[in-house]
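I opened the model to look up the packing and the surface. My entries follow.

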Amino acid sequence: MTVEQDRLVTENIGLVHACARRYMGRGIDYDDLYQSGCEGLVKAAAGYDGSRSVKFSTYAVPAILGEIRRLFRDGGSVRVCRSLRDLGLKIHRAETEFRNSEGRDPTVSELAQRLGVEPESIAEAIEASRPVLSLTAERDGEEFDEDVPSESFDETLVDIVALREAIASLERTDREIIRMRYFVGRTQAYVAKTLGMTQVQVSRRERKIINCIRNQLLK
């Protein structure tokens with residue numbers, strides 16, 4: 001691996017985590033998902049041509065997802081690891097006990113607190129315990145392939161990565177305006193007071209930033 005390829009891998013390792021998290025709870029340990037994603041990232045770094053207008057992150061995401069999907073294909077039927085199965089049994093018992101005592105279904109946070117684990121682990125175990133969806137249906141005694149709609153995650157993730165890069169390229173004050181307005185939900189008046197600006201200045205600056213980001217994403 002060249003120095004440039006090593007830099008690309010090091011600076012974009014977050015893409016692997018973003019892709020791997022998408023496939024959590026489907027019966028394969030996160031470490032295995034992450035390892036396969038890293039293989040895709042390394043392949044992307046080796047095949048990337050920096051002279052083209054395509055950003056590396058945009059080029060790398062399909063390669064990372066491809067290696068993760070290959071892990072599922074090579075493994076045949078998805079098997080739920082033992083730790084998830086055991087946690088799933090504990091969740092089932094905890095849910096029953098909670099319903100009997102409280103008269104309602106528990107939330108993920110309540111289950112996590114009762115079992116002493118992270119909410120993310122509860123959600124992963126619940127997802128893994130769901131029945132496998134069959135792609136073959138039966139109608140009038142004959143089997144046929146069932147069309148299952150799926151979200152275009154590849155395109156969504158690429159859009160998210162591009163948006164993050166666009167925001168990261170902004171000046172510090174502009175990043176703060178976007179962060180407070182769209183990620184924290186603060187009013188323009190609050191942002192103006194925090195940054196020592198007038199509300200009119202924030203409003204005008206916000207419109208300019210949004211247009212700048214939009215133009216950058218449409219390139």
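I listed the contacts of L41 (heavy atoms within 4.5 Å): leaving out residues up to four places away in sequence, L41 touches V9, N12, I13, V16, F56, A60 and I64.

The model is predicted: local features need pLDDT of at least 70, side-chain atom pairs count only at pLDDT 80 or more, and totals for chains, interfaces and linings use all residues. Residues are numbered from 1 along each chain as its sequence is written, and side-chain values use heavy atoms, with hydrogens and water left out.

Next I looked at nonpolar cores, meaning sets of buried Ala, Val, Leu, Ile, Met, Phe, Trp, Tyr and Cys residues joined through side-chain atoms within 4.5 Å. Buried is under 20% relative accessible area, exposed over 50%, and partly exposed in between (1.4 Å probe, protein chains only). The largest core has 20 residues, and L41 is among those with the most contacts inside it. Helices α1 (3-11), α2 (13-22), α3 (30-47) and α4 (56-74) each supply at least two residues of this core; helices here are DSSP runs (H or I, at least four residues), numbered from the N terminus. The largest share, seven residues, comes from α4. I also found a second, separate core of eleven residues, including M180 and A192.

I then turned to α10. Q188, V191 and A192 are buried in this helix. Down the axis of α10 the buried residues fall within an arc of 100 degrees (directions from the helix axis to the C-beta atoms), so they line one face. T194 is found in α10, residues 188-195, and is partly exposed at 47% relative accessible area.
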